[in-house]
Amino acid sequence: MDQTGALDALLHEERVFRPLPQMVIEANLNPHELEQAQEQANRDFLSYWEDAAHELDWFKKWDQVLDDSNAPHYRWFPGARCNIVYNALDRHIETANKNKLALIWEGEPGDQRKYTYYELYREVNRFANALRSLGVAKGDRVVLYMPLLPETTIAMLAVAKIGAVHSMIYGGFSAKVLRERINDAKAKLVVTADGFYRNGRVVNLKQIVDEALLGACAECVETCVVVHRANVDAEMHEPRDLWYEDLVRRERPSSPTEVMDADDPLFLLYSSGTTGKPKGIVHSHAGYMVGINRTLNWVFDLKPTDIFWCTADTGWITGHSYVIYGPLVAGTTTVMYEGHPLYPQADRLWDVVARYGVTILYTSPTLIRMLMRFGTQYPRQKDLSTLRLLGSVGEPINPEAWVWLHKHIGGAKCPIMDTWWQTETGMFMISPLPISPLKPGSVNKALPGVEADVVDREGNPVPAGKGGFLVIKKPWPAMMSGIDNDPERYENTYWKKIPGMYFAGDVARKDEDGYIWIQGRADDVLNIAGHRIGTAEVESALVAHRFVNEAAVIGIPDTIKGEVAKAFVILTDGWEAEYDTSEDLVSALKNHVRRELGPVAVLKSLEFRTTLPKTRSGKIMRRILKAEELGEDVGDTSTLEDLD
Ligand code: WT7
C-alpha cells in the first residue's frame with residue numbers, strides 16, 4: 001500500500017481492540033484508579049504532579065509545584081534540590097535493585113555486556129571523577145557524539161552527576177553539523193568512540209570528530225575522550241585526545257553527586273524547526289525526572305521483572321527519556337543494541353527479544369514496515385512469548401503495520417502503546433494505557449495531567465472529525481525549560497502561534513470518542529523515518545553548492561520511511577562544463593547534501609526547474625509544489641494555513 005493509501009486507511013479505520021481481562025487485572029493502574037487520577041488531574045493538576053514527584057528522592061523538597069509567574073517560561077518545583085542521577089543510580093544501591101541488571105548491551109557482532117545497578121554506578125563514578133579531573137565543572141557543556149555503547153549511558157550519567165550539561169549529537173549527522181552544534185553549545189569536551197559497527201561495516205567516528213574539530217571555535221573543546229570500540233586506526237592528537245579506558249582506570253569508583261537546583265539544565269538536544277538553524281532544546285533535572293518516571297511507569301506498566309527494550313538511538317529524545325533516564329530512574333532493566341536491525345539478517349530484533357526475554361518492546365513504525373517486508377518467517381522462528389506490551393513512536397503508524405505488529409509479534413495479546421510526544425515535551429503526552437481500548441493508528445487520549453486538544457488558529461476546539469492544530473493547554477513537568485540562548489524563539493515558536501497554548505506543530509483530528517489521530521506536521525518539517533529534518537536545512541545545504549541558485553524541498557510519502565525529501569532546484573549557468581549529464585549532477589547534489597548534513601537527511605529525488613512558486617513576499621510555497629507532486633488539488637491543502 002502506498003502512503004496515500006495508508007492515510008486513506010487511517011481515515012477510515014474503525015476497528016477497536018479491547019484489552020484482555022488478564023491485562024486489566026494485572027495492570028499497575030486499573031480502570032478505577034485511572035478514573036481517580038483523571039479526576040484529580042482535572043480538578044487540581046498540580047496536586048496530581050506533586051504526587052508523582054513524591055515517588056522520587058530529593059535533597060530538598062520544593063517550595064512550590066509550579067511557578068507560572070513568568071509564563072510561558074514555567075518553572076517546575078522551584079526551591080527543590082535534586083539530581084536525576086541520584087534517582088537513576090545512587091538510590092537503587094540502597095535497595096534490592098543493587099544487584100539487579102540495569103543494562104543489557106549487545107554489539108552488532110554479537111558481543112554482550114551486562115551491568116547491574118551497582119556496576120553501572122561504579123563505572124559512572126569513575127568517569128565522573130575523570131571528567132572532574134579534566135576540569136569539567138557544573139554548568140559546562142559536554143558533547144557526546146557516540147554510537148550505542150554502554151559507555152554512552154555511562155558518559156551521559158557521569159556528565160549529569162557532576163552537574164554538567166550533555167548535548168548528544170546523533171551519529172548520522174555530518175562533521176559540519178557536529179561542528180556547528182559544538183560551537184553553538186560552546187562545548188568544553190567531546191566524548192566519542194574510535195568507531196562502531198553498522199550493517200557489517202565499521203564507521204570511523206573519530207575521523208568525523210577530527211574534521212569537526214578542525215574548524216571548531218577556539219575557546220571550545222579542550223579535550224576529546226575516545227572510547228575503544230571498533231579497533232580502527234584513530235589518529236590521537238596530543239594533548240587534546242585521550243583514551244577513555246586510560247582515564248577511568250586510575251579513578252576511584254565513588255564520586256559525590258552534585259546537588260542541583262530544580263531547573264538547572266540537564267541536557268541540550270538539538271531539534272529541527274522551520275528555519276535552517278536547529279533549536280537547542282533544554283531540559284532540566286526536576287520536572288524531567290518526574291515526568292518520565294510517571295509516564296514510563298504507567299504507559300508501560302513496569303513490573304520488577306520486566307526487560308524493557310526501546311530500539312531508539314540515544315542521539316534522539318526517545319533514547320534520552322526511554323532508553324537511559326526513564327528506565328533507570330524507574331529501576332527497570334534496559335536493553336541497548338548497537339547495530340543495524342537487519343544485521344546479519346532480518347531476524348535480529350526477534351532474536352534479541354527471545355534471547356533476553358524482552359517483555360516490553362518499544363519501536364518505530366518505520367522499522368515495523370521494514371520488517372514486515374520479510375513476512376512472518378523470521379518472527380515465527382523465535383520465541384516471542386515473553387512480550388507483554390508493545391510500543392510505537394515517531395510518526396503515525398498505519399493500521400496495516402499496527403495490525404501486523406499486534407498479530408505476528410504480540411501474538412494478539414500485547415496491547416500497542418502508540419505514544420505521541422516530542423523532543424520539546426520530554427515525556428509521553430498522548431498515549432493509551434495498557435487498559436485502554438485501542439484503535440489502530442490513533443494515539444488515543446492525553447495522559448492524566450496533560451491537557452491536549454485539536455483547535456483552529458484562534459484556539460477554538462474544532463468539531464469531531466475535522467482537522468486542526470494539536471495543542472497542549474497546560475504546562476507539564478518534563479516540558480523543555482527553553483531554547484538555549486533564545487527565549488524569544490521559544491515564545492514565538494511554541495506559545496504565540498495560537499495564543500496561550502503550546503503549539504506542537506502537528507495537525508490532527510479527534511473522533512467522536514475523543515480519540516486523537518495525528519496527521520502529520522503543520523510546518524515545514526519533514527519526518528524521515530521518525531527523524532525530524534527541516535526543509536530549510538536541506539535547502540540551505542543545496543544552495544551551498546555552487547551550481548544551485550535556489551532550492552525548495554518538500555516531503556513526499558514513502559512506504560517504508562514515512563516521508564522522504566524531494567528537491568526542486570534552479571541551477572546556475574555553467575554546470576554543463578563540469579558534468580557530462582544531468583544525472584551526474586543529480587547524484588553529485590545528492591552526495592553533497594549527504595556530506596553537508598549526514599546520511600539522516602535522505603534526499604530521494606531532485607528535479608530541475610526554472611522558477612519556483614512564491615508568495616508576494618517572496619516565500620517559497622512548498623504546499624503548491626507538494627500538491628502538484630501528489631496530484632492533489634492545491635485548494636485542498638490550503639485549508640490549514642501556514643502558521644509562520
Ligand atoms: C514529532 C516529534 C518523541 C518521539 C520521537 C520524535 C511526530 C511523534 C508520534 C506518534 C504520530 C508522532 C510528531 C511530533 N510523532 N510521535 N506516536 N504518532 N506522530 O521526536 O523528533 O521531537 O519529533 O514526531 O510529528 O511533532 P521529535
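User: Where does proline 344 lie?
Analyst: Proline 344 lies in the loop between strand E17 (333-337) and helix H13 (348-356). Helices (H or I, at least four residues) and strands (E, at least two) are DSSP runs numbered from the N terminus. This is a predicted model: local features need pLDDT of at least 70, side-chain atom pairs need 80 or more, and totals for chains, interfaces and linings use all residues. Numbering starts from 1 along each chain as its sequence is written, and side-chain values use heavy atoms, without hydrogens and water.

User: Is the bond from tyrosine 343 to proline 344 cis or trans?
Analyst: Cis, with omega near -5°.

User: Which residue does a cis bond join to proline 239?
Analyst: Glutamate 238, with omega about -5°. Proline 239 is in the loop between strand E11 (223-227) and strand E12 (241-243).

User: OK, phi now. Positive or negative at asparagine 199?
Analyst: Positive, about 55°, although asparagine 199 is not a glycine. Asparagine 199 sits in the loop between strand E9 (196-198) and strand E10 (201-203).

User: Switching to the ligand. How many residues surround it?
Analyst: 18, with a heavy atom within 4 Å as the cut-off. The closest are Asp418, Thr419, Thr423, Arg521 and Arg532.
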